Each structure stands twice: as structure tokens, then as C-alpha cells.
Amino acid sequence: MRFTLFGFAEGVLGQRTHGPWAVLRDGVVLDASISARKRGVGPGVSATAAKALLPELEFEEEPVSSPPVMEWLWRRLWAISPWLETCGETAFWLQIPGTQPPFREVRQLLLDVERAFHGEQRVRVGLAESPFLARALVEWGRWERVPQARCFRIGRQLWLVSPGLANGPLGRPDVRTGAAADGRWAKPLPIRALWTLAEDKREALERLGIFRLGQLERVPATRLRRHFGKEALEWFRWLEPTTGGIRVNYPRPQHGRSWQAVLGEEAALEQRWEIVQSLIRDLTATLEQAMCGALRARLEWESDAGEGRYERAVQRPLHTPEAWLAAVEPGMNACRGRILRRLAVYAEELRPLQTVQTSWLDCRGMAWEQTRRKRSLERWMEQINRRYPRMLQWGIKPTFREQRLQALHRALEEAAPQRN
């Protein structure tokens with residue numbers, strides 16, 4: 001059996017270690033310190049509302065790379081079990097195999113986190129029988145107390161244990177049988193805490209009088225389908241949430257190229273541009289063969305002035321030498337010293353590249369390449385037809401009778417010259 005630990009970190013995206021602060025993304029709070037969260041400033045709050053709630057609040061921009069403390073946490077979790085799925089920059093699932101719940105391992109993990117995190121950082125974790133139940137435990141605990149679940153506080157860290165695993169004391173754990181062990185304890189889960197649904201759907205369910213997950217059992221499938229479409233039929237599988245696994249994505253796949261100088265034959269620092277261009281050409285050729293690009297570029301160097309590192313996250317996958325050189329240029333400018341001993345370029349968070357159809361335009365005797373981009377109406381049609389096949393189409397489609405009449409007319413027109 002594999003027990004699942006879900007958790008997310010708070011206050012890890014900012015640089016400050018004291019006082020209330022918040023990290024913004026497009027004018028909305030993405031992360032906040034513990035002291036700011038206690039005053040009502042949390043993810044999803046606009047910057048204006050956050051400042052009104054807490055005038056002394058300080059704002060920071062979203063970091064371009066993963067915080068070092070989260071990289072430490074990923075490595076610490078991976079040392080416990082290789083079944084690790086990172087979710088965004090701050091959340092994770094970890095599955096730990098065994099015959100008994102891993103209470104000692106989780107407690108030691110939280111003790112290590114307590115020593116590694118500063119006073120404005122913490123993690124919330126939930127230990128349960130499956131990935132769905134583990135996250136349901138944590139999301140539920142943010143709204144109200146989970147019935148029959150056990151809550152522990154290790155320093156600043158918060159730990160919830162599901163009712164199915166909290167039967168015996170921590171020293172002698174005993175897995176429950178019956179209703180608690182099969183996940184039925186999650187049926188009173190509030191709809192407002194059901195993270196798998198969009199906010200508008202959660203509000204629509206509450207308007208229909210459905211406030212708890214277990215109340216879905218009493219709703220006819222035809223009614224849910226009428227209000228929410230076919231996708232609502234999949235909501236019933238949340239009533240049996242003990243099955244399912246995670247998608248292991250750590251360690252993250254990466255490609256890299258490095259240059260190491262021979263002892264006594266170091267290169268001058270001015271040659272770093274030639275070296276990095278050679279490394280990038282080799283790296284992009286490998287990415288092209290794999291038909292993928294990278295959403296994160298990492299540059300590492302070592303000179304007589306010391307070691308350095310630069311990371312950059314991008315919205316579109318990097319796959320051309322020009323794009324790669326532009327991505328690592330700030331890091332190259334930050335390299336100091338007189339001689340260069342080592343230089344390396346890494347491609348992380350790989351994504352497959354999608355093919356794009358191109359057309360050629362003849363403009364005054366010159367051929368110009370034009371990328372065909374789908375119009376918004378075409379994208380809407382694709383999304384609707386994917387959900388409801390062959391419901392929309394371009395133009396007017398003739399019926400079978402009209403097609404048959406057209407075929408008869410063509411046959412008569414072809415036979416008329418032969419009779420003459």
C-alpha cells in the first residue's frame with residue numbers, strides 16, 4: 001500500500017524574512033508571508049484590497065526561478081520516496097509505500113522543514129489513503145475543522161492525518177477498517193473546498209442546494225448533465241476517492257552542455273560568448289531531434305572571481321539558438337573575472353513543440369513566409385466540437401434530399417447532349 005502526503009508551502013516565493021509582504025502576479029497576490037496571511041492577505045486577493053487590509057504590506061514581483069528553499073524541499077522529499085509529483089512552485093504529492101502509515105518519516109520531515117524555513121514560512125501537509133483524499137484533507141482544513149481527523153503542529157508547520165489513519169496513537173498506528181478506511185469520511189467535504197471545480201461551478205452547485213460532496217449522490221445524473229454538461233457525470237467518481245496515483249515528475253528531465261577548461265589552459269573571460277554559442281548550437285540541435293523546447297534556461301559558470309548561476313523562465317518553449325542566447329544574455333553579462341574555468345547551459349521543464357503550418361506570399365517578386373494563425377472563432381468551434389462532436393460547421397450543409405436532387409440534375413445535364 002502507498003500512503004499519500006500532500007502539502008503546499010506558504011511564504012516561500014518572497015525574498016524578505018521579516019514583516020508582512022506579498023508576491024504579486026498581474027496585480028493579484030500569488031504568495032504572502034505568515035504574518036500577512038494572519039491579517040487576511042492570501043492568494044487571490046487583489047493588490048488594492050491587500051493594501052487596504054494591511055497598509056504596511058510590502059509587495060514583491062514573482063521570481064523567475066524556483067526558490068532555493070523549495071529546491072531543498074524537493075530533494076528532501078525525494079530522499080524519502082521516489083514517487084514525487086511537484087505541483088507548481090509550492091505544492092507536491094508524495095507517495096510512501098509501506099504496511100503502516102509513515103508517521104515517523106513525516107514527523108522527521110517537518111522537523112527538518114522547521115529548521116530550514118524562517119519565521120515567515122511554513123508548510124501545510126495532509127497524510128491520507130490516496131492523492132485525492134490527501135489534498136481534500138488540506139483544502140478542507142483551510143475552511144473548517146475536519147471531523148475525526150487529527151491535527152498536529154510541529155513548530156510553525158501544520159500536519160493533518162485523515163480519519164482513516166488516525167485510529168491509534170502515533171506510537172502504535174493502526175489502519176482503520178470500514179467507513180473511515182474506504183474514504184467515505186470525505187463525503188462531508190464542502191463544495192467550496194473542492195479544488196477540482198472552477199469557482200463558477202462551485203457557486204452554481206451551492207445555488208442548487210448542494211453544499212457537501214456527499215449530496216451529489218442524491219442528485220439525478222440527468223439533472224447534473226442538464227445544468228453542467230457531460231463532464232458532470234465524472235463528478236460521481238469523487239465519491240469513491242480511494243483509487244488513483246500521481247504523475248512522477250521529479251527529478252525534472254533536462255538536457256545540458258558544459259565546457260571545462262584543462263588545468264593551466266583556462267580561457268579568457270572575453271571568450272565566453274564564443275563558448276556559450278557553441279554550447280547552445282549543440283543543445284538546440286539535440287532539442288530539435290527530440291522535437292521539444294524548454295520553459296526554463298539555466299546558466300552556470302566558474303571563473304577566478306568565483307562561481308555563478310542564472311535561471312530564466314519563459315512563456316514559450318526555447319528551441320532556437322537566437323532565443324537561447326537572448327535568454328542567457330543577462331547571466332553572461334553578470335559573469336565577472338579575468339579567466340573562465342567552466343561554463344554550462346541546461347534546458348529544463350521540457351515541452352513538446354507543436355507544428356505550425358506556414359504559407360508563402362508573393363510580394364513584388366519576393367517570397368515571404370506567413371504563419372497561419374487560427375482565428376478566435378475557429379478556436380471556439382474546435383473546443384465546442386471536441387465536447388459535442390459535429391455540432392458546428394462552416395456554411396450550410398445540404399440535406400440528403402438536396403444532394404440527391406443535385407445528383408439527378410447533373411445526370412440529366414450530362415445525358416442531354418447525348419440525346420441531341
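**Exercise 1. Determine which residue lies over the face of Trp83, and at what distance from the ring centre.**

Solution. In this predicted model, the residue over the face of Trp83 is Arg2, at 3.8 Å from the ring centre. A further case involves Arg298, whose charged end sits over the ring of Tyr346, 4.2 Å from its centre.

**Exercise 2. Classify the aromatic pair of Phe6 and Trp93, and state which parts of the chain the pair links.**

Solution. Step 1: a search of the whole structure gives 8 aromatic pairs. Step 2: for Phe6 and Trp93, the centre-to-centre distance is 4.9 Å and the angle between the planes is 50°, and the pair is tilted. Step 3: Phe6 belongs to strand E1 (residues 2-10) and Trp93 to strand E6 (residues 91-97), so the pair links distant parts of the chain, 87 residues apart. Step 4: Phe6 and Trp93 are both buried.

**Exercise 3. Classify the pair of Trp74 and Phe92, and decide whether each residue is buried or exposed.**

Solution. Step 1: the ring centres of Trp74 and Phe92 are 6.4 Å apart. Step 2: their planes stand at 75°, and an angle over 60 degrees counts as edge-to-face, so this pair is edge-to-face. Step 3: because Trp74 lies in helix H3 (residues 68-80) and Phe92 in strand E6, the pair ties together parts that are 18 residues apart in sequence. Step 4: buried means under 20% relative accessible area. Trp74, at 0%, is therefore buried, and Phe92, at 2%, also counts as buried.

**Exercise 4. Describe the largest nonpolar core and name the element that gives the largest share of it.**

Solution. Step 1: the largest nonpolar core contains 35 residues, and Trp185, Leu194, Leu205, Leu224 and Trp235 have the most contacts inside it. Step 2: two or more residues of this core come from each of E1, E6, helix H5 (131-141), helix H6 (199-207) and helix H7 (221-228). Step 3: H5 gives the largest share, 7 residues. Step 4: another core, of 32 residues, lies apart from this one and includes Phe3, Leu84, Ile96 and Phe103. Phe103 also forms one aromatic cluster with Phe152 and Trp159.

Conventions: Residues are numbered from 1 along each chain as its sequence is written. This is a predicted model: local features need pLDDT of at least 70, side-chain atom pairs count only at pLDDT 80 or more; totals for chains, interfaces and linings use all residues. Side-chain values use heavy atoms; hydrogens and water are left out. Rings of Phe, Tyr and Trp (its six-membered ring) pair if their centres lie within 6.5 Å; planes under 30 degrees apart count as stacked, over 60 as edge-to-face and the rest as tilted. Helices (H or I, at least four residues) and strands (E, at least two) are DSSP runs, numbered from the N terminus. Buried means under 20% relative accessible area, exposed over 50%, partly exposed in between (1.4 Å probe, protein chains only). A charge sits over a ring if NZ of Lys or CZ of Arg is within 6 Å of the ring centre and within 35 degrees of the ring normal. A nonpolar core is a set of buried Ala, Val, Leu, Ile, Met, Phe, Trp, Tyr and Cys residues joined through side-chain atoms within 4.5 Å.
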